[in-house]
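Please look over the sequence and the predicted model shown here before reading on. The report then describes a few of its parts in turn.

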Amino acid sequence: MSNFRIAAEDLLELMAKTIEAGASVADILKQLKLPSDLLDNSNRLIDMGDAWRIMLASQNAVHEESHLISSRPLRRGSTRLVFSSLQQCETLEQGLQSLADNYNIIHGGSFNIVCKRGRSLSYCVDDSEFHYQTQAIPLAIEFALISIHCTLSYLCKTPLKLKRVCSKRLLLPEHDHHLNIFQAPLKLQQKQYELAYDIEQAKLPLQHDFKEDIAANLYSHYLYFLALTESKAEFNFLQLCQEKIQQASAKQVLVNQEWIASELSMSVATLRRRLSEYGSSFRQLLDNCNSDLACQYLESGLAISDTATRLGYSDERSFKRAFKRWHNVSPATYIKQFPQLKQEDV
């Protein structure tokens, strides 16, 4: 799956009111252990996972959950109230309706609608009469829709399929943006926002863990959704990292955490966190790559000493110890499996 990103300028636009109200960008980045200059360049692309955490921290800083773009502030706990209603729902259709009803209650209007059109079950947001303080910010509603989609996919234990996604935004960002998460046709400059599901999914059962605080785990539901869709696509984040490391090592490029993070357009802190979420680490990935490359080099006839050098080992003895740890045999014993190779270095 692609690495979804958001431009710093879009993130700062959404946070503008909370920053005016006293939220400190510097404090938020420090709290999240992100680079202090992460948002300095307006064109910089921010990993969506980081963007998500930054937005939550921004809300927490001012104890308000609409990013202060609503003239009717949402106190902390509003999102928990909305999503806790899902515990009473048995199907996807009931879940969508419950979310729409509760969002309408806390916002004081009929802005959220669930309707059936032909073969579609749609969740729609019409903010044309919403009480914005200044102007509408599409990213705010789009992120709410992402939270809804990922959470319901989590509860259904399957990546829900969308027939289309509609937004009021005029243009799509040129980078691999957040709306690509939906993996559905995107329609821009629409009169309302919409998530359109195939009607056949309406009766999908929601599988509850009644001990779980649904609202407190929206970010975890996003990660779960990514893992589900990655599995469906026979792709995962670890594989992408490992492929990049192998390609660089094969070209004798110095591979370190800073390099791989740069290749993936994320900070080192984000790289470490993402790898940890998948139960891995950069050291483990590098070890796996070196193990595979060592076999490739030896099988191609490269001498043991040259293989050690190419993999960046300071001495041959260290490489031999590592190889035995990886494969339970020495490099010399491994080479003997390939009699066509020269044994000069055995």
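H221 counts as buried, because its relative accessibility is 1%, where buried means under 20% relative accessible area, exposed over 50% and partly exposed in between, with a 1.4 Å probe and protein chains only. This residue lies in helix α7 (residues 218-232), and helices (H or I, at least four residues) and strands (E, at least two) are DSSP runs, numbered from the N terminus. When its neighbours within four places in sequence are left aside, H221 is in contact with C150, T151, Y154, E212 and I214, contact meaning heavy atoms within 4.5 Å.

Some notes on the model belong here. It is a predicted model, in which local features need pLDDT of at least 70 and side-chain atom pairs count only at pLDDT 80 or more, while totals for chains, interfaces and linings use all residues. Residues are numbered from 1 along each chain as its sequence is written, and side-chain values use heavy atoms, with hydrogens and water left out.

**The sheet**

An open sheet of 5 strands runs in the order β3-β4-β7-β5-β6, with mixed pairing; two strands pair if DSSP finds at least two bridges between them. Strands β3 (112-117) and β6 (186-187) stand at the edges with a single partner strand each, so one side of each has no neighbour in the sheet. Strands of a sheet pair through backbone hydrogen bonds, either parallel or antiparallel. The two pairings of β5 (residues 162-166) are set side by side below.

Axes are lines fitted to C-alpha atoms, for helices over the stretch in contact, and angles run from 0 to 180 degrees between N-to-C directions.

**Two helices side by side**

The axes of helix α1 (residues 8-20) and helix α3 (residues 48-62) come within 10 Å and cross at roughly 10°. That makes α1 roughly parallel to α3, as angles under 35 degrees count as roughly parallel, over 145 as roughly antiparallel, 65 to 115 as roughly perpendicular and the rest as oblique. L11, L14, M15 and T18 of α1 meet A51, I54, M55, S58 and V62 of α3 in this contact.

**Aromatic rings**

Rings of Phe, Tyr and Trp (its six-membered ring) pair if their centres lie within 6.5 Å, and planes under 30 degrees apart count as stacked, over 60 as edge-to-face and the rest as tilted. By this rule there are 12 aromatic pairs. The ring centres of F323 and W326 are 6.4 Å apart and their planes stand at 65°, so this pair is edge-to-face. Both residues, F323 and W326, lie in helix α13 (residues 316-327), 3 residues apart, about one turn of the helix. F323 is buried, with a relative accessible area of 0%, and W326 counts as buried at 15% relative accessibility. Ring pairs also link Y313, F319, F323, W326 and Y334 into a cluster.
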